[in-house]
Amino acid sequence: MGFLPPLGLAYLQAALDKEGHLSRIYDMDRGASLADVLAVHPDIIGIGSASFSFRRACSVAAALRTQTKAPLVLGDAHAWVARAAVLKDSSFDVALVGEGELRFPRLVGLLGEMEAKKIRSMDGLIYRDAGDIHETSDAEYISDLDALPYPSFRDLQKYRTLPGRARRRIRWEMER
Ligand code: B12
């Protein structure tokens, strides 16, 4: 269980907001359940996982797969390091390797067109096609981080104390 809010998800939600996609963050380390996720009838489900939590992420994906046809997308550290291996023997349909602020909203925009021929045009993706696992070209890094929208913490209220402490620290530094 992390003690700081998952910053990557906060950035992704802000990016999805900017492109007009509705999204919710469900934090299974903070009491969210599969039933909570399924209750909103998601069109696409993204799961972020580090390597140490990948087995658990696979169990969650397998359980979701029995109850929804929504595409299951893996992101975060384990997809970066393990690449194509993350789709082998897992229920994930796609893995997004690298930064997600520009490409995850694009992927969501391809909803209903998740066929391989559409998503192969995007960089930094691992996907299945006719039973085989494919990888597109390496993802470009985002060149202008300042242009990204400020992260959204609206679904991460249970972590609220730590950003407050960080802000005080900045003010303390400025006052010295
Ligand atoms: C800050 C940080 C921490 C902080 C805060 C983590 C937090 N909750 O925010 C603290 C100090 C708590 C921490 C702890 C640990 N950390 Co740490 N941490 C980092 C660090 C330096 C930056 C992460 C970050 O905030 N990046 C900025 C955000 C915006 O980027 P991001 O998280 O990568 O998210 C982007 C993409 O990954 C993607 N994405 C993310 N999630 C998702 C989900 C979906 C669905 C999709 C499509 C995309 C996507 O899009 C996001 C936006 O571009 C990384 C190294 C790095 N440079 O990435 C290591 C790193 C993530 N940590 C790592 C490790 C091992 C740990 C610890 C296990 C260390 C330990 N032994 O205790 C613990 C685990 C704590 C826990 N239970 O979660 C490893 C993970 C390695 C791995 N293969 O899994 C990393 C990669 C460092 C490394 N190179 O080894 N960590």
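This note goes through the chain, its sheet, the residues around the ligand and a few single residues.

1. Basis of the note. The model is predicted: local features need pLDDT of at least 70, side-chain atom pairs count only at pLDDT 80 or more, and totals for chains, interfaces and linings use all residues. Residue numbers start from 1 along each chain as its sequence is written.

2. Overall make-up. Seven helices and five strands are found in the chain. Helices (H or I, at least four residues) and strands (E, at least two) are DSSP runs, numbered from the N terminus. Read from the N terminus, the order of elements is α-α-β-α-β-α-β-α-α-β-β-α. Of the 176 residues in the chain, 26% are buried. A residue is buried if 20 or more other C-beta atoms lie within 10 Å of its own, exposed if 12 or fewer, and partly exposed in between, with C-beta atoms placed from the backbone.

3. Contacts along the chain. Two residues are in contact if their C-beta atoms, placed from the backbone, lie within 7 Å. Among contacts between residues at least 6 apart in sequence, 62% join residues at least 24 apart.

4. The sheet. The five strands form an open sheet in the order β1-β2-β3-β4-β5, with mixed pairing. β1 and β5 (132-135) are at the edges and have a single partner strand each, so one side of each is left without a neighbour in the sheet. Direction ignored, neighbouring strands of this sheet are turned by 25 degrees against each other on average; the axes behind such angles are lines fitted to C-alpha atoms, for helices over the stretch in contact, and angles run from 0 to 180 degrees between N-to-C directions. Strands of a sheet pair through backbone hydrogen bonds, either parallel or antiparallel.

5. The parallel part. Two strands pair if DSSP finds at least two bridges between them. β1 and β2 are parallel and share four bridges. Ile45 has Leu72 in β2 as its bridge partner, and Gly48 stands opposite Gly75 in β2. β2 and β3 are also paired in the parallel sense, over two bridges, and here Leu74 has Ala95 in β3 as its bridge partner.

6. The two crossovers. A right-handed β-α-β unit is made by β1, helix α3 (residues 54-65) and β2. Another right-handed β-α-β unit consists of β2, α4 and β3. A crossover is right-handed if, with the strands pointing away from the viewer, the path from the first strand over the helix to the second runs clockwise.

7. The antiparallel part. Strand β3 (residues 94-96) runs antiparallel to β4 and is joined to it by three bridges; Ala95 has Ile126 in β4 as its bridge partner. β4 (residues 125-129) and β5 pair in the antiparallel sense over four bridges, with Tyr127 opposite His134 in β5. β4 and β5 form a hairpin with two residues between them.

8. Two residues with positive phi. Most residues other than glycine have a negative phi. Ala130, in the loop between β4 and β5, has a positive phi near 50 degrees. Ala130 counts as exposed because 6 C-beta neighbours lie inside 10 Å. His41 lies in the loop between α2 (34-39) and β1 and also has a positive phi near 50 degrees. His41 is exposed because 8 other C-beta atoms lie within 10 Å.

9. His134. Strand β5 holds His134, which is partly exposed, with 15 other C-beta atoms within 10 Å. Not counting residues up to four places away in sequence, His134 touches Arg120, Tyr127 and Asp129. His134 and Ala84 are 50 residues apart in sequence, but 7.2 Å apart in space, C-alpha to C-alpha.

10. Around the ligand. There are 26 residues around the ligand, of which Gly8, Gly46, Gly48, Gly75 and Gly100 come nearest. A residue is near a molecule if its C-beta atom, placed from the backbone, lies within 6 Å of it. At least two residues of this shell come from each of α1 (7-18), β1 (45-48), β2 (72-75) and α4 (77-82). α1 gives the most, with five residues. By class, the shell has 15 nonpolar, eight polar and three charged residues. Ala, Val, Leu, Ile, Met, Phe, Trp, Tyr, Cys and Pro count as nonpolar, Asp, Glu, Lys and Arg as charged, and the others, Gly among them, as polar.
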